[in-house]
Structures are given as structure tokens and as C-alpha cells.
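This report walks through selected local features of one protein model. The sequence and structure come first, then the notes.

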Amino acid sequence: MPSTWSLPCFLAKLVFLWGLCQAQYEILGYPPGYPDPSIEHYTPPVLPEDTPRIQLRLAGDKRKHNEGRVEVYYEGEWGTVCDDDFTIHNAHVVCRELGYVEAVSWSPSSKYGKGEGRIWFDNVHCTGNEKTLALCPSNGIGVSDCKHTEDVGVLCSDRRIPGFKFVNTLTNNIDNLNIHVEDVRIRAILSSLRKRTPVTEGYVEIKDGGRWRQICDEEWTQMNSRVICGMFGFPGEKRYNTRVYKMFARRRKPAYWDYSVNCTGNEAHLSGCTLGKALASKGNRTCGQGLPVVVSCVPGRSFSPAPMTGFRKAYRHEHPLVRLRGGAVVGEGRVEVLKNGEWGTICDDNWNLMAATVVCRELGYGSAKEALNGGRLGQGMGPVHLNEVDCTGFEKSITDCSFTMDNESLGCSHEEDAGVRCNIPAMGFQQRLRLSGGRSPFEGRVEVLAERNGSLVWGTVCSEGWGTMEAMVVCRQLGLGFASSAFQESWYWMGQVNADSVVMSGVRCSGTEMSLSHCLHHGEYLHCPRGGGRFAAGVSCSETAPDLVLNPQVVEETTYLEDRPMFMLQCAYEENCLSSTASSTPANAFRRLLRFSSQIHNNGQSDFRPKLNRESWVWHDCHRHYHSMEVFTHYDLFSLNGTKVAEGHKASFCLEDSECDEGIEKKYECANFGEQGITLGCWDTYRHDIDCQWVDITDVKPGDYIFQVILNPNYEVPESDFSNNIVKCRCRYDGHRIWMYSCHIGGSMSAEVEETFPGLLSNQVTHR
């Protein structure tokens with residue numbers, strides 16, 4: 001069959017493939033278009049002859065690979081730096097000496113644990129422009145009156161200095177000196193692997209001084225391969241065909257890096273490994289009897305190598321015993337474990353990169369980029385199952401690590417929930433989507449890269465049916481966090497003129513997809529009645545989102561029946577809060593109401609606000625109040641076979657802070673037409689005696705039922721987690737009395753418990 005490829009088509013595809021290759025390194029935090037032209041290119045420092053020769057490293061209890069206690073190697077001994085007079089200028093010097101662009105922050109009082117040995121520097125005063133910490137004025141090297149409780153730590157930027165050259169200023173080989181280089185990559189060598197995404201096998205190459213170099217495999221170990229695979233989002237390594245690579249190495253002369261690598265296998269990043277034997281004398285020759293290092297990684301359950309045009313098989317279900325919740329992207333979230341049929345959280349006491357990496361690998365991701373503490377990805381519910389987790393890094397599951405039960409510890413609340421951000425493989429999804437015309441990188445018209453008539457072209461997405469779930473997927477795919485709004489008109493954002501045509505329509509997402517192309521959508525034949533242009537889909541994204549959770553205990557404890565005469569229900573009837581048979585009920589007849597209170601917590605990362613500004617709220621004359629959201633909750637009663645027998649709904653006529661956690665001030669109050677919302681860490685209580693806070697069960701026969709409440713049922717307001725917006729209860733009605741029991745939040749129990757509701761299991765929203 002003759003080829004139908006034209007030269008322009010070939011060039012377009014070549015550009016796309018190059019973009020996907022570059023995507024491999026985004027996992028290390030480099031900006032698009034790396035290197036950043038605004039950053040001065042690195043030149044190795046020329047130091048005065050009398051400058052003390054030192055080496056630096058970051059050590060201690062880390063939550064990121066690019067942070068830690070500042071340690072200094074001098075005269076054959078590792079020591080620390082005192083926090084007296086330490087400033088961000090000092091931190092900049094430290095981070096740049098280690099090859100990072102800049103410092104983000106610094107921490108006093110041995111935040112990363114107490115070091116050992118001498119305290120080499122005290123009362124350091126840097127301007128920020130020094131080439132080494134040894135050039136900053138201080139008391140003098142080794143002169144200090146500090147203790148190790150004053151050891152200083154720094155957090156450096158993710159970005160590395162372009163052209164950074166690793167320089168070992170000490171002539172003797174330091175076997176515990178950490179590795180700091182400009183960049184690392186896995187370069188696919190075999191033609192059959194170059195066409196697949198993600199890149200799982202190839203040469204390990206280090207960029208040092210602006211040049212890519214291979215590593216000699218004479219000193220290479222399986223533990224080194226484990227660390228490299230973890231960095232690039234893979235949980236493990238496997239064997240590969242050495243014979244093929246020997247043939248390739250004979251044809252092309254490798255350029256070797258000057259050092260070997262020593263990893264223990266539990267490092268989260270290559271920068272945690274130490275330098276091995278110096279190979280400078282071998283230069284670019286034969287590396288003795290060795291060859292360039294090759295790694296072959298095993299992709300996790302959520303990813304599988306596939307041709308670049310077909311990502312449909314990339315998504316897999318999560319592990320059934322450990323899960324992540326509340327994160328914006330795949331491989332990020334609050335860690336939850338299943339125990340005794342109930343999901344619970346992990347306390348952040350002693351939580352570090354090693355424990356976080358065990359979780360990430362268990363879920364089929366790579367090593368951890370960050371171990372999060374303080375409930376930063378939202379607070380969980382239910383019990384705190386594990387505390388003071390201590391891992392070696394090689395456990396198969398986080399439950400194999402040593403830990404204490406929460407009831408054996410003191411005061412561990414959901415304010416201390418642990419979370420992780422894992423390394424995931426670069427799938428190239430970010431290169432297929434962009435936001436155009438916005439005032440900031442977090443907003444704009446959605447434009448996708450699609451194949452049309454054999455060429456790759458940018459175009460818009462039809463906004464017909466476009467909503468929160470679709471916007472969530474766009475923000476996730478671009479790494480911009482959560483959606484804050486979804487727009488069906490984008491005339492105020494002037495996108496790229498050559499991308500006005502609609503190339504995608506009929507998009508329907510569940511909200512969990514990694515890419516917009518994974519969502520249901522029309523194929524080659526588009527259908528978009530209003531067209532693109534001003535009606536193209538748009539989004540705005542946010543790094544944080546709220547998370548509404550209903551307290552199931554309050555529902556269970558406040559349920560009762562009330563028989564109320566119809567003449568007292570006229571306003572409720574006008575707002576459709578009664579069943580359909582109410583229209584034929586005489587004014588002096590009674591309706592039977594299942595009443596209860598709702599206590600709605602915001603356990604997320606930001607305040608919950610109504611979709612509409614108050615200028616757009618709807619006035620209801622009968623009840624004499626505004627509705628900020630017409631449908632805020634659904635109340636449903638089901639038979640045991642799933643048939644709906646009664647229903648109700650609640651508009652948010654007043655969304656405000658009823659009470660808050662200790663130390664949090666109320667922001668929202670409905671009085672005097674005030675702003676509505678629920679502050680992070682607060683809750684809104686809809687009392688049982690408020691109109692429409694019920695289900696009309698006048699026509700329901702006695703029996704056993706399932707009662708269900710759903711918050712934000714139409715997904716009008718984006719949340720970090722929609723899976724916990726539902727509460728289910730078992731319900732027994734004998735015609736005169738009603739019992740509510742086994743109330744729990746959807747997804748808080750195992751699948752087996754969820755199906756049967758046995759016993760009286762119930763989970764706490766908060767332990768505060």
C-alpha cells in the first residue's frame with residue numbers, strides 16, 4: 001500500500017513526538033520550554049586559592065528530595081550549620097551551590113532532625129551572590145557556640161540550573177557525597193521502544209555541564225535501577241535483553257560521565273544517592289569491560305505502554321486496600337487505608353519520603369515527590385488507622401511498616417492527616433491541550449491538538465453540555481489543580497485565530513480521567529449546533545478546592561416523624577418540597593414528614609462558595625429569602641431493591657458558617673443579604689425544623705428502606721472529592737415510628753460492607 005504521508009504531515013508529527021519526549025522531564029519540575037531563558041546559564045565558580053574547600057548536602061528527615069538539613073564536608077568530616085543570623089540569602093547560596101535555581105525557604109531549630117559532628121558555620125551573613133557558603137562572612141569555620149538543636153535546613157526550588165556542572169572540589173573521593181547534576185533521563189534506544197509512551201527502557205543519561213552523558217555499568221546495581229525507575233514514575237525494574245544493547249554500543253561510541261553511582265534503593269530521587277568510584281581516567285574510552293547503563297522499568301497498574309496515538313488503555317482502577325483521596329492529579333492525595341471494613345487515614349507523626357514512597361509504589365506509581373503533612377490535601381473521616389509509621393522503604397505495603405494504632409497515641413486528629421505526591425510516568429497528555437486567551441495561565445479557552453485530514457491541528461471544544469467534570473479533567477491534564485469554573489461561552493478570551501474550528505464535541509467526563517481524550521466524545525463526525533468561536537468551552541483552574549462532607553451521626557440522631565397540616569405547608573408546596581399527591585390534599589389534612597438535621601462540613605482546602613454571585617440569586621417571595629443554589633441537596637428513600645419511593649430536595653436559601661473548629665473565625669453570614677459560603681474548617685447546620693428539611697413519606701408503606709442524602713448533586717460547585725458527598729442509612733418504618741441506623745458516608749466502607757450495611761458501623765466526620 002503506498003504511503004499517504006506528505007512532508008508537512010511528517011514534520012507536524014515529528015514536532016509532536018519531540019514534545020512528548022520533552023514531557024519525560026516535566027516530572028522533575030522543569031518548566032515548559034526548558035531551559036528557562038530568564039535564568040543565567042551556570043558557569044563553574046573560580047574560587048580564590050585561600051577559600052576553604054567544602055562540599056554540601058541536604059540530609060535528615062525529608063518530605064521532598066530538594067530539602068533537608070544543611071550539612072558541610074570539611075577536613076574529612078561532615079558537620080552542620082547553625083541557624084543564628086541565618087537568612088534567605090544564605091539559603092540561596094546553599095541551593096545554588098547544590099545546583100538548584102534558588103531557595104524557597106529555610107527552617108531553624110533542627111526541623112529535619114539533629115545532625116552529628118562539628119558545627120562548621122555559625123552567624124553566617126551572605127549577600128546571596130557568593131559562589132560558595134565558604135565565602136560568606138561567619139565566626140570562622142569550626143567556631144560556634146551552638147548545639148545541634150539549632151541545625152538549619154533549607155527548601156530549594158525544584159528547578160535545576162541549566163548547564164550546572166558537578167564539581168568535586170576535594171581531591172579525595174567522598175563515598176557519601178550526594179549527586180547533584182543538571183538533569184537525568186531515560187533515553188529509548190531501540191526503535192520499537194521509541195514509538196511507545198511512556199518511555200520504560202533505555203540508556204540512563206546524566207546532563208552535566210550542558211552535555212548528556214551515559215554511565216558506565218561496571219559499578220551499576222539493581223538498587224540504582226530501582227531508584228531511576230522510581231524517579232520516572234515506575235514502581236519497579238525488570239531484566240532486559242543485554243545482547244541487543246551490546247550490539248548498539250559497538251556501533252556508537254558512548255560519552256561517559258566521570259563518576260559511578262551508589263544507591264541503597266530506598267532513595268526517592270537520584271540526588272539522595274551518593275557518588276561512587278571516579279571514572280575520569282577512562283574518559284570516553286571503552287569503560288573497561290563495561291557498557292552504558294540500561295534500565296527497563298515496569299509500569300504500574302494505572303499506566304501501560306501504548307502507541308502514541310492510543311492512550312485509551314492507560315487508565316486502571318486503584319489498589320483495593322490503599323487509596324488516595326482529595327488530590328488534583330493522578331498519583332496525589334490523602335492516604336487512606338482499609339482496615340476492618342472501614343477506610344481511615346494515617347497520622348503524619350514521623351511521616352517522611354520513605355514511607356510515602358512505599359505508598360506510591362504500592363499503588364503502582366514511582367517514588368514519592370513529596371510527603372505531605374497537616375491535612376494539606378483535605379481532612380479525611382473515619383478512624384485514624386496508623387500513626388508513627390516507620391518504613392525501611394522496601395515494604396510491599398504501608399501496612400507492612402512498623403506503626404502504632406491511633407488509640408495507643410495521644411491527640412492525633414484529622415488535622416494531621418498524611419498525604420503524598422507520587423512520581424508518575426510522563427504520558428505526554430499535557431502536550432495535547434492548552435488554555436488560550438486567559439489573563440493568567442490558570443484560565444482560558446480550551447484548545448486541543450487533534451488529527452484532521454492526516455495533519456495535527458489545534459482547535460476548540462464544543463461547549464454543548466460542558467460542565468464541572470469536564471473542566472476538572474482539563475485542569476488535571478494541564479497540571480493546574482482543580483477546576484474553579486466551567487464556561488460555555490468564551491467570547492471574552494481571544495484564543496488563537498487559527499484554532500477557532502471545533503475539533504472535539506459531545507464531551508462527557510466522569511471526572512477521574514487523566515486526559516480529555518479519555519472522556520466519551522464524538523468521533524470523526526462532529527456535532528456542535530452553536531459552533532465554536534464565542535461558544536467554545538473554557539475553564540478557570542485553582543490550586544485548591546473545597547470538600548463538603550455530611551455528618552452521618554447527626555442524621556442518625558435527629559430523625560423523627562411529624563404530621564403537619566397542609567395549610568401550614570403552602571410555601572413548601574410552592575417550592576416543590578412535597579410529593580406529587582399533595583396537590584389533591586385538603587387544607588385540613590395532614591402530610592407525614594420524615595425530618596432530620598444536616599450538618600455539612602467543609603473539610604477541603606478552600607472555602608465553599610455558591611456558583612452564582614449574590615447579584616444573580618433568586619428571591620422566593622413566599623419564604624421571603626434568596627436562594628444561592630436552587631438544588632443544594634437531594635433526599636431520597638429507596639426500597640431494598642433500589643426503587644425510589646419518596647424524594648425531597650433542599651435549596652441553599654442560607655449557606656453560612658454555623659460553627660467552626662477552634663481557632664477559625666466565621667466568614668459567612670446570611671443576615672442583611674450577606675455573603676454566603678462555608679469557610680474551610682467550619683460547618684453549616686440545617687436544623688430539622690426548617691422548611692423543606694424533610695422527605696414527604698405520606699404515601700410510603702411500612703417496611704425497611706435505604707435513606708440517602710447527596711450534597712451538591714448537580715456538581716455545580718467544583719470540589720476536591722465528590723465521592724464523599726453521599727450519606728446512606730438503613731431505615732425501618734412501622735407506620736407510626738421510624739428508626740435510622742448504620743448511617744455512613746459513601747465510599748467510607750469496604751465494598752462488602754457497602755452492599756450489606758451489617759451491624760451499627762458508623763464513621764466520624766471529625767475527631768476534634
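## An edge strand and its sheet

L550 sits in strand 29, residues 548-550. Helices (H or I, at least four residues) and strands (E, at least two) are DSSP runs, numbered from the N terminus. This is a predicted model: local features need pLDDT of at least 70, side-chain atom pairs count only at pLDDT 80 or more, and totals for chains, interfaces and linings use all residues. Residues are numbered from 1 along each chain as its sequence is written, and side-chain values use heavy atoms, with hydrogens and water left out.

L550 is buried, at a relative accessible area of 2%. Buried means under 20% relative accessible area, exposed over 50%, and partly exposed in between (1.4 Å probe, protein chains only). L550 and Q599 are 49 residues apart in sequence, yet their C-alpha atoms are 5.8 Å apart in space.

An open sheet of 4 strands runs in the order 29-32-38-37, with antiparallel pairing. Its edge strands are strand 29 and strand 37 (659-660), and each pairs on one side only. Two strands pair if DSSP finds at least two bridges between them. Strand 37 and strand 38 (residues 682-686) are antiparallel, with 2 bridges. E659 has W683 of strand 38 as its bridge partner.

## Helix 4

How many residues of helix 4 are buried? The count is 8 of its 10 residues, so helix 4 (residues 222-231) is mostly covered by the definition of buried. Among them are R226, V227, I228 and C229.

The buried residues of helix 4 pack against several elements, including strand 7 (183-187), strand 9 (201-208), strand 14 (294-298) and helix 6 (353-362). Contact here means heavy atoms within 4.5 Å. Just after helix 4, G233 takes a positive phi of about 95°.

## Two buried polar side chains

H92 belongs to helix 2 (residues 88-97). H92 is buried, with a relative accessible area of 15%. A polar atom of the H92 side chain lies 3.0 Å from the backbone nitrogen of A103. A polar contact is a pair of N or O atoms within 3.5 Å; within protein, one must be able to donate a hydrogen and the other to accept it, and residues adjacent in sequence count only if both atoms are side-chain atoms. Leaving aside neighbours within four places in sequence, H92 contacts E102 and A103.

S110 lies in the loop between strand 4 (103-107) and strand 5 (119-121). S110 is buried too, at 16% relative accessible area. Its side chain reaches the backbone oxygen of T149 at 3.3 Å. Not counting residues up to four places away in sequence, S110 touches H148, T149, E150 and D151.
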